[in-house]
Structure formats: C-alpha cells, structure tokens
Amino acid sequence: MQDENIKKMSEAADTEIKDVPTLNILLCYLLYKIDREVEIEHLYEIAVSTGLVNYFYYQDSIDYLLKNDCIAVKKNKNDEDCYVLQPKGKDCAKELKKYAPKSYRDKLVLGALRYFARLKYEQEIKIEYIPVENGYYTHVRCLDLKCDLMDLKLYAPDLTQAKLLGERIMLNPAGFYGKIIELALSNEEVPYDLTDN
C-alpha cells in the first residue's frame, strides 16, 4: 500500500507534459513570445532541456503544428531550416495560452532565453583548457569582429577546477569582462608611508 502511494505521488510530481494539445499550445506560445525564427535543432534542445518535454511528445506536436499550418519550415540567412510561427499558430498562442499552465509557459520561455544567451556567449567568448606542468590554464578570449577584446589565462591546479572557472565565466561573460576592465581602471599604486617613526 505504501509503495502504491509513493508511486502515485511521484507521478503527480512529474512535470513532463504528456498530452500533445498542451504541448502544441506551449510551442506556439514560445515562438510567439520570443518572436523570431528558431532553427529546428535549437527548438528541440530548448524544449527538451527544460525537462517538460520528451522526444516522442515533442515530435507528435511538431508534426501536428506543421500539418495544421501553425508553424512552417523556412531557411534562415545561414541556409539552416527554421521553424517560423504562422498566423494560425499566433492565434493559438494568444487565445489558448490559458489552457497551458503559466508555470510551464514561463519555464519554456526562460529556457529559450537562456539558450539563446548561451549561444551568443559561445560566439563571443572562447574558452579552452590548456594542460601545463602541475595544472591547467583556463584560456579565456573575448572576441570582437576584428580583434580580441581580452585574452587571459587563469591557472587552476587541475582540470576540474579549470572547467569550474570556465563554467562560472560563461554564466555572465559580459559581467566578467566588465569586472576585469573596472578593476584595471580603478587599480592604484599603494601609497608608501614616508613618515619617520
């Protein structure tokens, strides 16, 4: 009896979406809120990374949305296939959003925003781990169109700590770069006390 209760509680706590109509609304809502075309691979990664969606339900939902002209596949400027929200999908997002829990809508949109921020950071920030005697360098480069804005090596005693540095930098690369610049500009020579004692 107790095992049965535990099973029921775990099923109730499961946040994965298990019905295609709700997922249809959520995917339309996501594309509506972010208001941009999304590469096919990226939309899948966003949906699955939130923990709300599994592959099979996702695929069923995409098939439905494509067949019913809620989304379409178009090429972007890089010649990649992208999902684009169609007027029918926009209506679905606006009129049916209340049928998908707000917590799911918010989690999916926040997941997408984090995903796109990470993609942008990965293009602007390059991190590599260089083995050296007795440790590793975390090599950080902030890239601009024509030059490196910053090229910095930080020492760590092992690969685990080097990767931890890299992961922490990638949480907010612009903030990291800003703090380095701020520290450099505010750095002053320590005054020497010349008084006789």
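Guide: Helix 3 and helix 4 are oblique to each other. This is a predicted model, where local features need pLDDT of at least 70 and side-chain atom pairs count only at pLDDT 80 or more. Residues are numbered from 1 along each chain, and side-chain values use heavy atoms.

Visitor: Why are helix 3 and helix 4 called oblique?

Guide: The axes of helix 3 (residues 40-49) and helix 4 (residues 55-67) cross at roughly 135° and come within 11 Å. Angles under 35 degrees count as roughly parallel, over 145 as roughly antiparallel, 65 to 115 as roughly perpendicular and the rest as oblique, so this pair is oblique.

Visitor: Which residues make the contact?

Guide: Ile40, Leu43, Tyr44 and Ala47 come from helix 3, and Tyr55, Tyr58 and Ile62 from helix 4. Contact means heavy atoms within 4.5 Å.

Visitor: What makes Thr50 buried?

Guide: Buried means under 20% relative accessible area, exposed over 50%, and partly exposed in between. Thr50 has 10%, so it is buried. Thr50 sits in the loop between helix 3 and helix 4, and, leaving aside neighbours within four places in sequence, Thr50 is in contact with Lys107, Leu108 and Gly111.

Visitor: How do you know that Asn134 is exposed?

Guide: Asn134 has 62% relative accessibility and therefore counts as exposed. Asn134 belongs to the loop between strand 4 (125-132) and strand 5 (135-143).

Visitor: What is the phi of Asp79?

Guide: Asp79 has a positive phi of about 65° although it is not a glycine. Most residues other than glycine have a negative phi.

Terms used:
Axes fitted to C-alpha atoms, helices over the stretch in contact; angles between N-to-C directions. Helix = DSSP H or I, 4+ residues; strand = E, 2+ residues; numbered from the N terminus. Buried < 20%, exposed > 50% of the residue type's maximum accessible area, 1.4 Å probe, protein only.
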